[in-house]
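My notes follow in the order I looked things up.

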Amino acid sequence: MSSVLTFAREPHRRGMVRVDSWWGRAFLRAIEELAYDDNQLSGARTLARSGRIGGLVVEAGRFASGVEDERGLWTVIGTVPVLDGDSIAALGEVLGASAERAEALLVGELPLDVAEHAEEAGVELVPYGEELAVTCTCGHWHSVCGHALAVLHQLCWTVDRDASVLLHLRGAERRELLPRHREKAPETGSATPAGEATRDQVDDVEIALDAVLRARHMLEE
């Protein structure tokens, strides 16, 4: 069973949040495909920057968080297809072919040539918009509400800071991809494994952890 990563609440931000990596920008484009218009997308970005998105929880194929607005507190649950065993093995071979690639992943980077070689082997690292399935307890009329888009933006920012989070979400953990390399956390934007959160982080991720448990129950029914 894969481990669960927990991330503290994003702080309030006055301006736009830059997404700098190629994989972060690709993930952002996938999110933008889900919005029904630019106004919804703009509102979701504002909510994502407001500091009202609870702690984010990520595991293989699933993510969840809580969102607070003027109407209440909502739970967003999302799923993403995981890579199969052959795809993970192929990705491991691509990463293991170069010490520089392995070292890059250990500090949260994903060289573009890794994606290019993985794609040649039939492995798509970044999910498409239609592969991002999200639900929210708000009961919005559209299949993807603003709360879900806001949580997806926080997930995008987290993935942008550390590419291993993207691979973890896709079911490929670093320890599985790089078994011969010593693990070390990125200097910034690192995740806290579930069970090792600080006291301040616990309140932020409590709702999201509960959402993951509910997501598991829903998916197993």
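**Entry 1: Asp-20 and the ground rules**

I began with Asp-20, which is found in the loop between strand S1 (5–7) and H1. Helices (H or I, at least four residues) and strands (E, at least two) are DSSP runs, numbered from the N terminus. This is a predicted model, where local features need pLDDT of at least 70, side-chain atom pairs count only at pLDDT 80 or more, and totals for chains, interfaces and linings use all residues. Residues are numbered from 1 along each chain as its sequence is written, and side-chain values use heavy atoms, with hydrogens and water left out.

Is Asp-20 buried or exposed, or in between? I read 45% relative accessibility for Asp-20, so it counts as partly exposed. The cut-offs are under 20% relative accessible area for buried, over 50% for exposed and partly exposed in between (1.4 Å probe, protein chains only).

I then looked up the distance from Asp-20 to Asp-160. They are 140 residues apart in sequence, yet their C-alpha atoms are 7.0 Å apart in space.

**Entry 2: Two more C-alpha distances**

Gly-24 is in helix H1. I found Gly-24 buried, with a relative accessible area of 0%. Gly-24 and Ala-163 are 139 residues apart in sequence, and I read 8.3 Å between their C-alpha atoms.

Next I went to Ala-102, in helix H4 (residues 99–106). Ala-102 is also buried, at a relative accessible area of 0%. From Ala-102 to Val-114, 12 residues apart along the chain, the C-alpha separation is 10.0 Å.

**Entry 3: Aromatic rings**

How many aromatic pairs does the structure hold? I counted 2 aromatic pairs. Trp-22 and Trp-23 have ring centres 5.9 Å apart and planes at 90°, so this pair is edge-to-face. The rule takes rings of Phe, Tyr and Trp (its six-membered ring) with centres within 6.5 Å; planes under 30 degrees apart are stacked, over 60 edge-to-face and the rest tilted. Trp-22 is partly exposed, with a relative accessible area of 21%. Trp-23 is buried, at 3%.

Tyr-36 and Trp-141 form a tilted pair, with 5.2 Å centre to centre and 45° between the planes. This pair links distant parts of the chain, 105 residues apart. I located Tyr-36 in the loop between helix H1 (22–32) and helix H2 (38–49). Trp-141 is in the loop between strand S5 (133–136) and helix H6 (146–161). Tyr-36 is partly exposed, at 36% relative accessible area. Trp-141 counts as exposed, at 65%.

I also noted a charge over a ring. Arg-13 lies over the face of Trp-157, at 5.8 Å from the ring centre. The test asks for NZ of Lys or CZ of Arg within 6 Å of the ring centre and within 35 degrees of the ring normal.

**Entry 4: Strands**

I traced the strand pairs next, where two strands pair if DSSP finds at least two bridges between them. Strand S2 (residues 56–59) joins S3 through 3 bridges, and the two run antiparallel. Val-58 has Phe-63 in S3 as its bridge partner. The hairpin of S2 and S3 has 2 residues between the strands, and there Gly-61 takes a positive phi near 80°.

Strand S3 (residues 62–69) pairs with strand S4 (residues 72–79) in the antiparallel sense over 8 bridges. S3 and S4 also form a hairpin, with 2 residues between them. I checked two facing positions: Gly-66 stands opposite Thr-75 in S4, and Ser-65 stands opposite Val-76 in S4. S3 is mostly covered, with 7 of its 8 residues buried.

S4 and S5 pair in the antiparallel sense over 4 bridges. Thr-79 has Ala-133 in S5 as its bridge partner.

Which elements give two or more residues to the lining of the second largest pocket? I first looked up who lines it: the residues include Gly-43, Leu-47, Asp-69, Arg-71, Cys-138, His-140 and His-147. H2 and H6 are the elements that give two or more residues to this lining. A pocket here is an open set of points on a 1 Å grid over the protein atoms alone, where a 1.4 Å probe fits, with protein on both sides within 12 Å along at least five of seven lines; lining residues have an atom within 4 Å of a point. By class, I noted 3 nonpolar, 4 polar and 4 charged residues in the lining of the second largest pocket. Ala, Val, Leu, Ile, Met, Phe, Trp, Tyr, Cys and Pro count as nonpolar, Asp, Glu, Lys and Arg as charged, and the others, Gly among them, as polar.
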